Amino acid sequence: MHAGPADVESQLSALRAQLEEIEALRACYPEELILTPAEEDILRFAAHLAESAAATAEAPALSGTLRLNDHADLNFVLPKRGGSEARLQVIYDGHRQDADALQHLASNIAAECARDGVPCLLLAANQLLDAARELAEAEAEAEAAVRQQAGQQPPAARCRGQRAQQREARQLVLSRRCVWFHHIKNLAKRKHIVEWGHELGLGGYSKPGFPGVVLIEGAGSDVDEYLSRLRALRWQAMAVRGQQDEVVSSLQELEAGRRLPLGVHELGEEDMGRLASACRESGLEPLFLTALKLGGGTV
């Protein structure tokens, strides 16, 4: 039985969304995304089908592997039809219970995204990388506790650090923040993200959808006010993943040091790759990658 025009268009739409999803994954994880020669051939064939608007009944499933860290890989197979659940398999060479926990997380993400009709690869990569890092840190801390007696920083040293932070807060600072959200879908919140950025003289980008990313730049006090307003809104999850602070001597130096365009510019929900490119061109790729847990919090 041949598919009708509506079915063909639905299949094409799902295929194009998957191609965009893998393109965004490659933009965010250029070194971590691994495709075999056969998988690359399948990807090219699928792109040809989508471009030529051909019937997709013959289109094979798109698949690949994402290297999460030295101990964990995520194998994925996307469904041939939209609305079906992606197959996510975690390969982890650590403790069995940790491997089971990571797989449980991956399966839940795949099921939730299929239910909501949204892409799952970037969200899965972000949360699994975070979870894998936490497992590695916990294991390292346990080993360190065995090797040595626990020692704490003297109170005097902690006080000196606090005083230094207070002095820096009084200085004129050019601040940048990369903020990760589980999702940004609500139209009122999206409007606030853009309008508050303009009001406070900030520059940067907002990428709505699953996940959401806001990258902002401006005077430190204005950035703090902006984040305070955003936190006052109700989010399923919001976290400042990366930050940069540069002490400057004048407002003129602050303005000259800006790397992002003035105003918070909203991108499309599938424009993670475009955001990655814009940050790369501005010399801020390390800051952007913190949103996906691919770099340290302070860069």
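## Basis of the description

Helices (H or I, at least four residues) and strands (E, at least two) are DSSP runs, numbered from the N terminus. The structure is a predicted model, in which local features need pLDDT of at least 70 and side-chain atom pairs count only at pLDDT 80 or more, while totals for chains, interfaces and linings use all residues. Residues are numbered from 1 along each chain as its sequence is written, and side-chain values use heavy atoms, with hydrogens and water left out.

## The largest pocket

On a 1 Å grid over the protein atoms alone, a pocket is an open set of points where a 1.4 Å probe fits, with protein on both sides within 12 Å along at least five of seven lines; lining residues have an atom within 4 Å of a point. The largest pocket holds about 520 Å³ of space, the volume being that filled by probe spheres set on the points, which are joined across faces, edges and corners. Among its 30 lining residues, E21, G117, V118, P119 and C120 are the closest to the centre.

Two or more lining residues come from each of α1 (5–28), α3 (96–116) and α4 (121–147). Helix α1 supplies the largest share, 6 residues. By class, the lining of the largest pocket comprises 17 nonpolar, 6 polar and 7 charged residues; Ala, Val, Leu, Ile, Met, Phe, Trp, Tyr, Cys and Pro count as nonpolar, Asp, Glu, Lys and Arg as charged, and the others, Gly among them, as polar.

## Strand β7 and its surroundings

Strand β7 (residues 212–219) runs antiparallel to β6 (residues 203–207), with 5 bridges joining them; G204 has I216 of β7 as its bridge partner. In the hairpin of β6 and β7, with 4 residues between the strands, G209 adopts a positive phi near 100°. Strand β5 (residues 173–181) also pairs with β7 in the antiparallel sense, over 8 bridges, and F181 stands opposite G212 in β7.

Conventions. Two strands pair if DSSP finds at least two bridges between them.
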